[in-house]
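Take a look at it first, and then we can walk through it piece by piece.

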Amino acid sequence: MNTLARNAAHAFGENRLTLVAVVILALLVLCAIFGPSLAPYDPLMTDGAARLVPPSAAHPFGTDALGRDILSRVIVAARLDLGMAVAAALLSFVGGLALGAIAGYFGGWPDRIISRVMDTIMAFPLFVLAMGIVAALGNSVLNVIVATVIINLPFYCRFARSEVNVRREMGYVEAARMGGNTALPVLVTYIVPNILPPMMVQVSLNMGWAILNAAGLSFIGLGVRPPTPEWGIMVSEGASFIISGEWWTFVFPGAALVLAVFCFNLLGDGLRDLLDPKRRT
Amino acid sequence: MHFFWKRLLGTIPSLIGVVLVTFLLSHALPGDPAAYFAGPAANATSIAEVRAKLGLDRSLPVQFLHYADDLRQGNLGNSLTTGQPVLSDLIERLPASIELTFFALAFAVVAALPLGVWAATRPDSIVDHSCRALVSIGAAFPTFFIGLLFVYLFYFLFDIAPQPLGRLNEILYTAPPRITGAYTIDSILAGEWGVLRASLAQLILPSVSLGMFALAPIARITRAAMLQALGSDFIRTARASGLPTRKILINYAFRNALLPVTNVLGMVFSFLLGGSVLIEQVYGWQGVGAYAVTAVISSDYAAVQGFVLTMAFLYVMLNLVIDLLATAIDPRVRFES
Amino acid sequence: MSALLAIEELSLVFRTRHGTVRALEDVSLTVDRGEIVGVVGESGSGKSVMAYAALGLQDAAAQVLGGRILFGGLDMLNAAPDVLAATRGREVAMIFQSPRTALNPIRKVGQQIADVLLEHTTFRGAALRAQVIEALSRVRIPDPERRAEAYPFELSGGMCQRVMIAMALACSPALLIADEPTTGLDVTTQAVIMDLVREMSRTSRMSTLLITHDLGLAGEYCDRIAVMHAGHIVEIAPTVELLARPAHPYTRQLLASTPTPRTTIADLVSIPGQLPDLRQELPACRFSARCERHIPLCDERPLPWTVVAPGHAVRCRVPL
Ligand SMILES: Nc1ncnc2c1ncn2[C@@H]1O[C@H](COP(=O)(O)OP(=O)(O)O)[C@@H](O)[C@H]1O
Ligand SMILES: [Mg+2]
């Protein structure tokens, strides 16, 4: 515990950036929760008189082609973007943990089958596989999440598998097994709690990637439909106005994406430093 | 050379897995595949027709055998949007995508390797910190956003890049006679230097924006691997033997650092092949990615399936190349296999 | 005649994040031509730091506070980098502990020897290759033509150390620095390697600085031995003299903890206490905290050298 405290002091003290990331993420989470009441305008309200207005006091991020306030849309979109990413990351975390634990604990044919399936997923360029999954399952937000879960699954599964594999041979686990415990209680009470912290690092490192994936899918028109505010689709809608120089239409939602991903990456790095200072690069 | 065949054989399980997954995606999902294949405009009779034609009324294993047999004959079905066989559609567009991906990779490698090496030789210096900052920032930018930012900056604001309207400004130039399908190569083969210049000009922004995302992992791993190599015992030996710094850096440290770098290349190609879909969309690039996006949006399922299959096949082959590269770099890998 | 290698009153510290490590203080040592000098001390006493400094290879964090190192008249701590590089490998060579990792894992061992020869000699082409084979056969590697084509991972630890020696001796240096050359090798290989080192220095009048934590090993192969403790050289004497009449309490404890053919494990005693933390303020005698003969006078600076016999000096107020 003492070393943990020291590492925390290091991660937050010497690395101020982690702290900044935590603060910004907290703000984004606030936007995600209270978005609609924080937004100055209705994100769906069009205004024919105020189309493509550059950033101003009334519209700090300007307005889009239909006269909707971009700031409001960016704020409200946080819920959907973070929601998709968090849901995907958590589901693949749980699924990957379960599959990896089974593979690592039992070995033998469950291990071979699970590992083979994960290898097969990894044989695809992952974004391409996600496109294929959404196309097959149908174009909806739910299916974008499902696709993101599937392409994230191998990372968690392999990680959990190797951690469980190492731990199943350890003294206290052996003892628990000798004591007549069956597989499930041993896994749940003795092994899983110990691999949760490193898995959490994996979650926060993967979170940014999950956001990028979901946003990429909506950028090409999968999942989210207009007029729903979502960062990826807003960037895509704003793209048509680059040639005429209305930069604010795509820069602000894009910047929101960058900020979110950047902070999750920083947080992941910080957490890793905290739990495992040796692996720092 | 017998390990070459071993590695080649090693790709077979991956390829079988890939075919199985694409089959499952199209045939075994909830919903009616026949309706997908028939397209959005289909009615009940045309769906039934499609069902019979595709053999979807038979058992799954039988369907799979048919599917595999079609693949063997190069039959990926017909595209609903272009009306052409999917295979010929893909073959027509693939060179454009490969050209783009190749240039992106080249940019990423050429920029990231020296950056990582430079940062590693001066730990904690300004170079090192800028490298790390660039790596974290680069990893946070969505590919499509970088692409759009570049268009805005270099085309609209500074006006130094051509309009992002695909592979060639077709008003001023005509595409070179098709030999490989890659405009840069074909224009060289045809000796059309103006076309070469024009197609390179169109290539720069998309490949740099696509390469940016790959730059981060390569630079990061190069830096880490170089730091590790430079701190290892054999570097100390080399210095104690009076070898010149340049030789130590290149022949000793860098060549050892290359192995971890080749190991991330698999991930990098996954990024690049996925990212190329987005970049093609941004720059109006007429490659397989743009084709697939149109297909996905219009539920042109045979086309999407063909695209996924092609990209996966390409990826498996790239991983094979990476594997072979690793064995060429490190004798220990050859020994283990 | 002046010594080949002269370390004169060298003081060296490492500036680290966690404080200043006083690794070497007022260290003096000479190695004459053809002589084998041993440096003995527990792990962490500064032997390697001294060896690297002698090659001018000290870490970036190292700072020399005083003293100098002369090798054949060349000031190793202040010489230009290219002069140093031309000296290393040709005039003075070094071999290390754990030979497997000390060789480049992805380069053929013959090539690694050739790299050194390319740098320091004019041999090229077939003559270079012949020279590589010659270097390998000099250290009695069987079938040198084939071994030259091997990668380090294909060779045993002992074979790798022979390759290291072949590489070090390829240019017939005047001085060989061997830093724990046999640690980690099995006993038989240990003897083979050490016999080889001794034979090489005898036949080519090469000087050797043998660094080891094993006083028994040093006693067997060295002409003179310097005992090092926590960055100080505490005693220096001809081998026979040192083994027969150790004057420093630390040397005596080292001796008592060293197995000989006549002792059994039960006779061995371990040295009480541990090395002081070199980041803290240290007393004049860095052994005082572990010493049962400690008296108030011991804490007075400077700690003088006492000559107890010709060539036998000890740095202790109350020598045995
Ligand atoms: N680069 C360095 N930075 C900080 N301290 C160092 C460095 N190298 C060696 N030291 C310290 O110097 C002391 C002597 O180390 P060393 O010479 O390696 O001992 P040994 O006698 O076992 O060879 C040790 O306390 C070690 O921690
Ligand atoms: Mg040492």
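From the N terminus on, chain A reads α-α-α-α-α-α-α-α-α-α. That gives 10 helices and 0 strands, where helices are DSSP runs of H or I with at least four residues, strands are runs of E with at least two, and both are numbered from the N terminus. Along the principal axes, the C-alpha atoms of chain A fill a box of roughly 75 × 45 × 30 Å.

A word on the ground rules. This is a predicted model, in which local features need pLDDT of at least 70 and side-chain atom pairs count only at pLDDT 80 or more, while totals for chains, interfaces and linings use all residues. Residues are numbered from 1 along each chain as its sequence is written, chains are lettered from A and ligands numbered from 1 in the order in which they are written, and side-chain values use heavy atoms, with hydrogens and water left out.

Now for the place where chains A and B meet. Here 46 residues of chain A are in contact with 49 residues of chain B, contact being heavy atoms within 4.5 Å. The area buried between the two chains is about 3800 Å², and carbon and sulfur atoms give 81% of it; buried area is the accessible area (1.4 Å probe) that two parts lose on being put together, summed over both.

How many salt bridges does the rule find across the interface of chain A and chain B? It finds 1, taking a salt bridge as a side-chain nitrogen of Lys or Arg within 4 Å of a carboxyl oxygen of Asp or Glu. The partners are A:D269 and B:R220, with their closest N and O atoms 3.7 Å apart. On chain A, the elements giving two or more residues to the side that touches chain B include helix 4 (108-122), helix 8 (183-219) and helix 10 (248-275). Helix 10 of chain A provides the largest share, 11 residues. Sorted by class, that side of chain A has 32 nonpolar, 11 polar and 3 charged residues. In this sorting Ala, Val, Leu, Ile, Met, Phe, Trp, Tyr, Cys and Pro count as nonpolar, Asp, Glu, Lys and Arg as charged, and the others, Gly among them, as polar.

Over to ligand 1, which has 14 residues around it, with C:G44, C:G46, C:K47, C:S48 and C:V49 the closest; a residue belongs here if one of its heavy atoms lies within 4 Å of the ligand. Some atom distances to ligand 1 are listed below.

| Residue atom | Ligand 1 atom | Distance |
|---|---|---|
| C:G44, backbone N or O | oxygen | 2.6 Å |
| C:G46, backbone N or O | oxygen | 3.0 Å |
| C:D59, polar side-chain atom | nitrogen | 3.4 Å |

Taken alone, ligand 1 exposes 560 Å², and the protein buries 68% of that; such areas come from the Shrake-Rupley method with a 1.4 Å probe. Helix 1 of chain C gives the most to the shell, with 3 residues. By class, the shell has 5 nonpolar, 6 polar and 3 charged residues.

Most residues other than glycine have a negative phi, and most peptide bonds are trans. Yet a cis peptide bond joins A:P226 and A:P227, with omega about 5°, and A:P227 sits in the loop between helix 8 and helix 9 of chain A. Another cis peptide bond joins C:R301 and C:P302, where omega is about -5°. C:R140, which is not a glycine, has a positive phi near 55°.

Methods. Polar contact = N/O pair within 3.5 Å; in protein donor to acceptor, adjacent residues only side chain to side chain.
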